[in-house]
Amino acid sequence: MTDTVTLFRPVGARELALIEESGFRSFPPRLPEQPIFYPVLNEEYAVKIARDWNAKYNEDRAGFVTRFEVRKSFLDKYEVKIVGGREHEEYWIPAEELEEFNRNIVGRIEVIAEFRGE
């Protein structure tokens, strides 16, 4: 049995800079208009968001895919949400629980893909 779950998160340049400031150990607090933190369960879905949304529509025209491990015992209390197709699996972590989520990241957050818009 695995003690951690591999998750992915598409981010823009601003969020990535804040992750870097943490030593690649945590995600920044959500903004008031962002009540949910949604890490995704597969790389393909994260790539699609980073490439097709972040790199095209963020003001910095950049999208990155991060990969990280989270303790399974922490995630067990959350239901996996499917948004759209079957491959669009996410956890919905309430913003007020993000600090606890960050404490359950094992190791560092790594950047595994980068996309630049025009």
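A salt bridge is a side-chain nitrogen of Lys or Arg within 4 Å of a carboxyl oxygen of Asp or Glu. With that in hand, welcome to these close-up views. The model is predicted, so local features need pLDDT of at least 70 and side-chain atom pairs count only at pLDDT 80 or more, while totals for chains, interfaces and linings use all residues. Residues are numbered from 1 along each chain as its sequence is written, and side-chain values use heavy atoms, with hydrogens and water left out.

**View 1. Salt bridges across the structure.** Side chains of opposite charge can pair when their charged atoms come close. How many salt bridges does a search of the whole structure find? The search finds 8. In one of them, the side chains of Lys 72 and Asp 76 meet with N and O 2.9 Å apart. Lys 72 is partly exposed, with a relative accessible area of 28%; buried means under 20%, exposed over 50%, and partly exposed in between, using a 1.4 Å probe and protein chains only. Another bridge joins the side chains of Glu 114 and Arg 116, at 2.8 Å from N to O. Here Glu 114 is partly exposed at 46% relative accessibility, whereas Arg 116 is exposed at 54%. Salt bridges with shared partners also join Arg 9, Glu 15 and Arg 30 into one network.

**View 2. Arg 9 and its neighbours.** Arg 9 forms a salt bridge with Glu 15, and their closest N and O atoms are 3.3 Å apart. Are these two residues buried or exposed? Both Arg 9 and Glu 15 are buried. The charged end of Arg 9 also sits over the ring of Tyr 38, 4.8 Å from the ring centre. For a charge to sit over a ring, NZ of Lys or CZ of Arg must be within 6 Å of the ring centre and within 35 degrees of the ring normal.

View 3. The structure holds 7 aromatic pairs. Rings of Phe, Tyr and Trp (its six-membered ring) pair if their centres lie within 6.5 Å; planes under 30 degrees apart count as stacked, over 60 as edge-to-face and the rest as tilted. The rings of Trp 53 and Tyr 57 have centres 4.5 Å apart and planes at 40°, so this pair is tilted. Both residues lie in helix H2 (residues 43-57), 4 residues apart, about one turn of the helix. Helices (H or I, at least four residues) and strands (E, at least two) are DSSP runs, numbered from the N terminus. Trp 53 is partly exposed at 48% relative accessibility, while Tyr 57 is exposed at 52%.

View 4. Phe 74 and Tyr 78 are both buried.

**View 5. Leu 16 in helix H1.** Leu 16 belongs to helix H1. Leu 16 is buried, with a relative accessible area of 13%. Along the chain, Leu 16 and Val 65 are 49 residues apart, and their C-alpha atoms are separated by 9.5 Å.
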